[in-house]
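This briefing concerns one protein model with a ligand. Please look at the sequence and the structure before reading the points below.

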Amino acid sequence: MGKFKRQTSEHDILIAGGGISGLAVAYGLAAKGTKVTLIDAPTQTNKASRANVGLIWCQSKFLHLPNYAKWGFHSASLFPALTRELEEISGLDIPVNYTGGLIACVGQKEYENKAAYIAKLKDLLGEYPGGMISRTELEKKLPKIGFGPDVVGAAWCEADGVVEPLALMRAYKAAFCKLGGNVIEAHIHDVCPQDGGYSVFTDKGQMKCERLVLSAGLSNRRFSRFALSSLPVSADKGQVLLVERMPPVMPIPLLGVTQTFGGTIIIGFRHEFIGHDTRIVPEAVASEGRAAIQIWPELGKKRLIRAWSGLRVMPEDKQAIYSRLPNHPKVTLINTHSAVTLAAAHTRHLPEFILGGCLPDLAQDMTLQRFGVDVH
Ligand SMILES: Cc1cc2nc3c(=O)[nH]c(=O)nc-3n(C[C@H](O)[C@H](O)[C@H](O)COP(=O)(O)OP(=O)(O)OC[C@H]3O[C@@H](n4cnc5c(N)ncnc54)[C@H](O)[C@@H]3O)c2cc1C
């Protein structure tokens with residue numbers, strides 16, 4: 001054992017960032033018997049993991065990236081066993097529905113566009129567990145919702161679902177700790193190579209490790225600078241409205257208007273690329289509200305109780321990045337949107353990659369190599 005190893009025996013692997021991505025791989029590594037320390041300090045802007053809807057959403061996405069579309073379906077298929085396992089180990093409940101998911105179509109044109117998109121996706125993927133349904137079929141699936149007059153039908157997919165995202169994170173964290181994982185709440189100032197390993201400088205002191213995972217969302221742009229002049233990831237602002245609690249009326253989640261496990265309705269359709277400005281914009285609140293009322297007019301009579309924003313972590317080409325850094329094979333970078341949907345795949349497949357193995361076939365093209373960065 002070398003000098004470096006003796007100094008850092010408690011941190012074989014450090015994970016910088018404990019949002020949903022960091023927790024998913026931390027647990028996955030601990031489940032393989034690996035000793036891991038996770039550092040996290042929820043920050044003002046990097047809080048997508050604590051601001052999202054919790055949809056496990058595979059449908060109607062990524063016609064231009066078929067393997068990525070399959071990756072989402074694959075992750076969704078791994079979810080039931082994962083949540084059972086996490087509940088068992090953590091002793092915590094994870095509210096989750098594997099009931100499929102719906103996208104309401106407002107107007108004939110929207111319905112036809114969606115139908116054409118899904119037809120192409122079906123051709124491309126070979127199998128696709130869903131399709132278009134009529135308004136009558138939609139009403140049968142959600143009989144307690146009075147849909148607006150312009151809703152003509154919906155896209156349906158049985159692989160989708162919804163999980164309580166904070167409960168999933170709590171269970172990941174508790175299960176990780178039960179398996180011997182170490183969580184340190186600290187703000188990371190900087191990361192750099194040192195003594196043949198890596199140093200992470202935090203407000204609780206310097207921590208050294210041999211292997212490093214960068215899963216700090218948008219902060220990865222700063223933390224990867226020692227090896228990369230720029231990381232092709234930007235902030236995609238989402239703004240969410242929360243409507244007062246109702247009795248359970250939505251057993252199947254609707255994209256953009258979803259009932260939470262607590263009974264409130266969460267509304268969120270927007271994507272804005274305006275840097276790190278997380279202020280709530282009144283016009284955006286109004287337009288989100290209008291879109292929701294078109295689908296479900298009764299919402300117009302309900303009280304809006306909260307609004308918040310969050311910055312999605314969006315790679316330039318919208319595909320996840322799982323990559324080593326150039327000349328740093330022991331550093332793994334993880335940056336993706338839809339990290340709730342992908343959490344199960346991250347837990348099951350990324351630990352091997354972090355430990356020096358390969359990515360699974362479906363994810364082979366998801367390294368930084370596609371942006372012209374040499375990571376071999
Ligand atoms: C409004 C909205 C709705 C969404 N809905 C869904 C959905 O329904 N389904 C879905 O799959 N995805 C959804 N997403 C996307 C999903 O939330 C993100 O893909 C996910 O949060 C990314 O997780 P992450 O862990 O990679 O990054 P982040 O969530 O950004 O987490 C990064 C972590 O690193 C920590 N960190 C950062 N900087 C530092 C530092 N300097 N020191 C210490 N710690 C640091 C942060 O505190 C945080 O815990 C939504 C996002 C938004 C904004």
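The structure is a predicted model, in which local features need pLDDT of at least 70 and side-chain atom pairs count only at pLDDT 80 or more, while totals for chains, interfaces and linings use all residues. Residues are numbered from 1 along each chain as its sequence is written, and side-chain values use heavy atoms, with hydrogens and water left out. Helices (H or I, at least four residues) and strands (E, at least two) are DSSP runs, numbered from the N terminus.

**Ligand site**

- The ligand has 37 residues around it, and those that come nearest are Ser21, Asp40, Ser49, Arg50 and Ser219; a residue is near a molecule if one of its heavy atoms lies within 4 Å of it.
- The side chain of Arg50 places an N or O atom 2.7 Å from an oxygen atom of the ligand, a polar contact being a pair of N or O atoms within 3.5 Å; within protein, one must be able to donate a hydrogen and the other to accept it, and residues adjacent in sequence count only if both atoms are side-chain atoms.
- Backbone atoms take part as well: a backbone N or O atom of Thr336 is 3.2 Å from a ligand oxygen, and a polar backbone atom of Ser338 is 3.1 Å from a ligand oxygen.
- On its own the ligand has 1,000 Å² of accessible area, of which the protein covers 97%; accessible areas come from the Shrake-Rupley method with a 1.4 Å probe, and for residues only the protein chains shown count as cover.
- Two or more residues of the shell around the ligand come from each of α2 (20-31), α7 (220-223) and β17, and β17 gives the most, with three residues.

**Ser49**

- Ser49 is found in the loop between β2 (36-40) and β3 (55-56).
- With a relative accessible area of 14%, Ser49 is buried; buried means under 20% relative accessible area, exposed over 50% and partly exposed in between (1.4 Å probe, protein chains only).
- Not counting residues up to four places away in sequence, Ser49 touches Gly19, Ile20, Leu166 and Met169, where contact means heavy atoms within 4.5 Å.
- The backbone nitrogen of Ile20 lies 2.8 Å from the side chain of Ser49.

- Helix α8 (residues 282-295) has 14 residues and spans 20 Å from first to last C-alpha, close to the expected 20 Å, which is 1.5 Å times one less than its number of residues.
- Ala284, Val285, Glu288, Gly289, Ala292 and Ile295 are the buried residues of α8.
- These residues lie on the same side of α8 because they cover an arc of only 135° around the axis, the arc being that of the directions from the helix axis to the C-beta atoms.
- Exposed Pro282, Glu283 and Arg290 sit on the face of α8 turned away from its buried side.
- Among the elements that cover the buried residues of α8 are β14 (233-243) and β17 (304-315).
- Gln239 belongs to strand β14 and is buried at 1% relative accessibility.
- Beyond its neighbours within four places in sequence, Gln239 has contacts that include Ala284, Val285, Glu288 and Trp308.

**Positive phi angles**

- Ser60, a residue other than glycine, has a positive phi near 55°; Ser60 is in the loop between β3 and α3 (66-90).
- Asp195 is not a glycine, yet has a positive phi of about 50°; Asp195 is in the loop between β10 (188-194) and β11 (197-202).
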